[in-house]
Amino acid sequence: MRTIDLNIRIREFTFDEMPEADRQLLEQAKLATYNAYANYSRFYVGAAVLLDDGRVVIGANQENAAFPSGLCAERSAVFAAQSQCPEQSINTLAVAARNENGFLTDPISPCGACRQVVLEMEDRYKHPVRILLYGESRVFELSSIKDLLPLSFVDAHMHG
Ligand code: THU
């Protein structure tokens, strides 16, 4: 028997100490929260995807009376980016969220399904996706979705 310890690295910043380009992307994620259709949860999530050529595509959560038919902000943004620019790999995904009290103090982190979708983008383009998670008090930066999805499942595992 042996124990396997996994390490993940999260870099924590205050918003003001982030580089200007990251602050701009986070601002776009914050603005995207106003495009959310969140009539049921009243939880407004925005995502901004920075493509490798510098283009930014935003997404926001879209809910539905038939609950499972809705979609998270992260997948809305990633799928929109891939639909519009399938040749472009994703460089960074920025996420922000607010409720009726305003933007959350601490960062939120993508749900399991969104993590799996972002992982597929890393696998598809052989390019890590940097993740920026916004909170009013601090911003988290991760250099790959793999840090949020250890022991992940990708296509290659079916052929190994
Ligand atoms: N949601 C997101 O859009 N992204 C997340 O990372 C967490 C949750 C949405 C889904 C749903 O519309 C609402 O937030 C409450 O779960």
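Tutor: Buried residues (under 20% relative accessible area with a 1.4 Å probe, protein chains only) make up 47% of the 160 residues in the protein chain. Keep in mind that this is a predicted model, where local features need pLDDT of at least 70, side-chain atom pairs count only at pLDDT 80 or more, and totals for chains, interfaces and linings use all residues. Residues are numbered from 1 along each chain as its sequence is written, and side-chain values use heavy atoms, leaving out hydrogens and water.

Now for your part: UniProt, in an unreviewed entry, lists residues 20-156 as "domain: CMP/dCMP-type deaminase". Such annotations may be inferred rather than shown by experiment, with feature names shortened and positions given in the numbering used here. The span is 28% helix and 25% strand, and its end C-alpha atoms lie 37 Å apart.

Helices (H or I, at least four residues) and strands (E, at least two) are DSSP runs, numbered from the N terminus. Across the protein chain there are three helices and seven strands, and they come in the order β-α-β-β-α-β-β-α-β-β. The radius of gyration, taken over C-alpha atoms, is 16 Å for the protein chain, close to the 15 Å that the globule rule (2.2 Å times the number of residues to the power 0.38) gives for 160 residues, so the chain is as compact as a globular protein of that length.

Terms used:
Buried means under 20% relative accessible area, exposed over 50%, partly exposed in between (1.4 Å probe, protein chains only).
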